[in-house]
Amino acid sequence: PNCRLSSLTLQDVTCLPASDLPAADVLALAQGLQNTTVELSSAQLSCLARLLAAKNLTADFKGYPPDLLLFFDSAEVRGETCKEFYTRASHGDLDLLPRGSARRTQLLQRALACLGVRSSQLDPQQLSSLGALVCDMEPETIKASDPGVLENLKLCSALTEAQKDALNALLLGGDTVYGDPSSWDFQTLQHLGPLVLALNQTTLSLVAKEAREALGRSIKATYSRQGHSQREKSLLLLRALLVPSASARPRRKRNTNSCTSTPITPSTISDPEFFIDQSDSEEFDLCLSNEVVKGYLQLLMQQPLPTEFKLVVKNRLKQIYPSGIPEGQLKVLGELSRLYTAEEISQWMVTSSDTLLALLNESDGKWNDTQIQQLISRYLDLGGTWSGALFQRMAEENLCHLREEQIEQIPPEALRTARQPNISSCSQAKKNQLYKKAKQAFDSQTSTIRSYYCRIQPYLGGAPAEDLKELAEAGTTIDMDIDTFLALNPDELEELSVTDVRNLLGENLPDLKKAENETSVMCWVKRQLQKDLDLLNIGLQGGILEPTPMGTTTTPHPTATATTTPKSTVPTAPTALPTLPTATATSSHPTALSSTAPTKGPTTHHPYTTVPTAANSTSTPPPATTTTSTPSPATKTSSTPPPTTTTTTSPPITTSTTPPPTTT
């Protein structure tokens with residue numbers, strides 16, 4: 001497939017060479033995100049932000065979605081537009097940046113500096129500009145700020161326990177627009193929005209029973225459409241809402257073996273208003289009919305059921321199907337499937353890819369390693385095969401949890417339809433396996449080096465140095481993004497020369513300086529000659545310093561150069577040093593200016609020095625000199641005139657803080 005931007009869907013955005021893409025195409029894609037529901041990953045948004053920067057399209061940020069602005073270089077935001085920039089960016093999905101990451105931390109710090117915030121008391125105007133960035137503020141700031149901070153906290157996907165305590169303290173004070181909790185009705189709870197998930201038992205106990213029950217019904221109505229993490233929060237809230245009511249209800253007598261509340265039948269489970277009492281799992285077991293479990297399992301599992309209630313359903317299924325759960329029922333287990341052990345999964349009849357894909361639904365929660373390994377083994381043992389759809393579903397979350405021998409069973413052709421798999425959490429051995437399969441899959445599927453790179457890029461974390469060198473020496477710049485570069489195997493990265501790295505990164509080479517404190521970059525730098533690193537012109541330091549002919553060490557940035565000896569000066573001793581042959585490098589790396597082995601001709605050295613090669617060197621020492629012990633422009637020479645030389649141009653002068661010893 002062609003990797004040009006114009007032929008890709010938004011889901012397929014990858015880091016392509018900016019030089020290949022017209023600025024108009026990049027701009028159209030970025031602005032088009034405003035009018036689409038497609039969600040891009042952090043890697044894709046980071047890539048698009050770099051493309052915009054490469055095309056100088058970041059200044060007019062008003063037409064870009066807030067999520068994209070989170071990946072702009074905040075250090076480049078101009079002072080006169082910073083407030084507008086941070087106001088817009090702060091309404092993006094802050095979870096795209098890991099909490100505590102350098103980019104997320106800098107975003108908050110620079111936003112505070114832009115807004116002139118110098119205390120923990122945030123006023124309404126500052127809160128309006130900070131948006132979701134308040135989610136990373138300390139609990140003390142929440143308590144001390146204007147009560148309008150509650151609107152900012154609605155933008156937070158999660159709050160720390162300390163932040164929740166501060167939120168409840170603010171609400172219990174009664175000085176917010178919501179008033180005292182004892183006056184809240186269902187409409188007030190709706191206006192609180194996601195903040196209701198942070199309410200503690202003290203706050204909820206003050207809310208009227210009618211309002212709590214109405215909120216519970218509202219949560220139940222949307223529960224089946226929520227993601228797994230949201231469902232977990234909803235369950236916690238539901239249980240908290242029911243605690244006051246449950247405490248007032250008389251306990252069921254232990255010797256009662258019949259349902260004392262509303263029976264759970266096909267008619268009641270189909271009623272949108274029906275709400276399962278979550279206060280007692282024993283009562284749930286007594287009220288649950290087998291008819292519902294057999295004929296309405298999917299509808300039952302869409303109810304907000306705590307774990308102990310799900311275990312009741314699991315036990316009932318075992319009673320109903322002693323020989324094993326039918327495949328049709330396996331498809332609708334939902335979250336209940338995650339409560340089965342690997343041994344139990346080994347008995348499932350997973351013969352259809354549709355069944356397997358249904359069980360792998362991300363919204364039903366995560367599998368542990370032994371569960372997912374057994375599930376895939378069972379499917380393959382029963383005659384199932386790896387398909388592109390299965391590999392894509394596994395690549396979203398579970399691929400790295402497979403055993404190495406299971407990954408070895410994946411056919412290369414299954415990788416051809418996968419979009420941007422994330423193998424960052426895989427062990428190095430598994431990355432190596434997947435890279436080999438990707439290479440087999442794409443070697444014959446691409447006609448140009450750039451289209452090949454577009455396909456192989458997600459798997460390069462397992463590439464050996466020799467393959468990376470081939471990419472570098474292909475004659476076509478691929479402009480590897482720095483995230484891909486940092487994901488390379490560190491051991492293989494150390495085998496790359498300066499020229500290899502320069503060719504791989506291309507126009508993204510300046511990003512290497514920004515990543516100089518990354519462990520893999522520091523280790524690579526330490527293996528390179530400093531004079532080769534200097535040729536990159538990005539300021540990397542820490543390479544190997546070569547010894548000078550006098551046995552001292554050459555500084556990374558010499559300040560003296562070869563000059564013509566001036567005629568109108570006080571006579572001094574000549575500064576010529578013995579000319580020694582240049583040492584031949586024994587490293588297996590190519591030189592900084594060539595990707596092939598060095599030739600016998602003269603070698604190009606640091607631009608500020610001129611070192612003769614072995615071909616034109618001489619072992620004849622210069623004439624002895626006679627000077628006083630303190631060299632300076634005003635120093636008097638000895639009465640013996642220095643020998644006359646025919647050289648008019650002096651060799652390079654090495655600067656040193658200690659004058660060389662003189663002879664008399």
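1. A disulfide is taken here as a pair of cysteine sulfur atoms within 2.5 Å. The structure is a predicted model, in which local features need pLDDT of at least 70 and side-chain atom pairs count only at pLDDT 80 or more, whereas totals for chains, interfaces and linings use all residues. Residues are numbered from 1 along each chain as its sequence is written, and side-chain values use heavy atoms, with hydrogens and water left out.

2. On confidence, the protein chain averages a pLDDT (the predictor's confidence in each residue, from 0 to 100) of 80, and 77% of the residues score at least 70. Residues 1–12 have a pLDDT below 50. Residues 554–664 likewise stay under 50.

3. A search of the whole structure finds 4 disulfides. One of them joins Cys-400 to Cys-426, with an S to S distance of 1.8 Å. The torsion about this S-S bond is about -85°, so the disulfide of Cys-400 and Cys-426 is left-handed. Cys-400 lies in the loop between helices H23 (388–397) and H24 (404–408), and Cys-426 in the loop between H24 and helix H25 (428–443), so the pair ties together parts that are 26 residues apart in sequence. Helices are DSSP runs (H or I, at least four residues), numbered from the N terminus. Both Cys-400 and Cys-426 are buried; buried means under 20% relative accessible area, exposed over 50%, and partly exposed in between (1.4 Å probe, protein chains only).

4. Cys-82 and Cys-114 are joined by a disulfide with an S to S distance of 1.9 Å. The torsion about their S-S bond is about 85°, so this disulfide is right-handed. Cys-82 belongs to helix H4 and Cys-114 to helix H5 (residues 102–115), 32 residues apart. Cys-82 counts as buried at 11% relative accessibility, while Cys-114 is partly exposed at 24%.

5. Val-77 sits in the loop between helix H3 (66–69) and helix H4 (82–89). Not counting residues up to four places away in sequence, Val-77 touches Cys-82, Phe-85 and Tyr-86, contact being heavy atoms within 4.5 Å.

6. In helix H32 (residues 519–526), the buried residues are Ser-520, Val-521, Trp-524 and Val-525. Seen down the axis of H32, these fall within an arc of 135° (taken from the directions from the helix axis to the C-beta atoms), so they line one face of the helix. The face turned away from the buried side of H32 carries the exposed residues Thr-519 and Lys-526. The buried residues of H32 pack against several helices, including H28 (482–486) and H33 (530–534).

Key: Helices (H or I, at least four residues) and strands (E, at least two) are DSSP runs, numbered from the N terminus.
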